[in-house]
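Dear colleague,

Please find the structure below. My notes on its sheet and its salt bridges follow.

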Amino acid sequence: MSDYTVLRAADAPDYTGDAPGAFLGYGRPLGAEQVAVNVRVLEPGMAHVPPGTDPARGHSHRTIEEIYFVLDGELTLKLGDDVFVLGARDAVLIPPATPRAVRNESDATAALLMISMAVPDIRAESVGHEGFWSEGA
C-alpha cells in the first residue's frame, strides 16, 4: 500500500466560517510536513484579509517565501510599492519580508493558490501592515 493521501475538494476545510468567499486548507489536512497549500476564493470587491479585518491591511512573513498562483479570474496585487494585475495561470514569487495584499477588483469570482514552506505557527511568522493598501495605491 502507498503512503499517499487524497483530499477531495468538498472535504477541504474552509477557514472563513460564514464570511463570503473561501479560504480552503489543503496542506495540513493532507498531513503535509514540508509545504503549505491553500486556496483563497475572492468574490468581486473582496480583499484577501481575515474576516472582519480592515480591507486596507497587508501582511508579510518573517522568513518564508510564497508563491501566489491565480487559478481563475483576475486579481490585483500590491507587493511593496508595486500594484499590478495577475490573470489565470499567472504566478508571482514573493520573498520574505515583502509586504503584500490581494484584492479582487474585477466583476467575477477569482481563486488564488498560495504555496509556501510549512511552519508550525503561521501567526508567529506573519507581520500585519495596517493601512498598507491605502499607502501609495
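**Sheet and salt bridges**

An open sheet is formed by five strands in the order β1-β2-β9-β4-β7, with antiparallel pairing. At its edges stand β1 (22-25) and β7 (91-94), each with a single partner strand, so one side of each is left without a neighbour in the sheet. From one strand to the next, the twist averages 20°. Strands are DSSP runs (E, at least two residues) numbered from the N terminus, and two of them pair if DSSP finds at least two bridges between them. Axes for the angles, which run from 0 to 180 degrees between N-to-C directions, are lines fitted to C-alpha atoms.

This is a predicted model, in which local features need pLDDT of at least 70 and side-chain atom pairs count only at pLDDT 80 or more, while totals for chains, interfaces and linings use all residues. Residues are numbered from 1 along each chain as its sequence is written, and side-chain values use heavy atoms, without hydrogens and water.

Strand β4 (residues 66-72) is joined to β7 by four bridges; F69 has A91 as its bridge partner in β7.

There are three salt bridges (a side-chain nitrogen of Lys or Arg within 4 Å of a carboxyl oxygen of Asp or Glu). In one of them, the closest N and O atoms of R100 and E66 are 2.6 Å apart. This pair links strand β8 (residues 100-103) with strand β4, 34 residues apart. Both R100 and E66 are buried (under 20% relative accessible area, with exposed over 50% and partly exposed in between; 1.4 Å probe, protein chains only).

E130 and R57 also form a salt bridge (3.3 Å, N to O).

Kind regards
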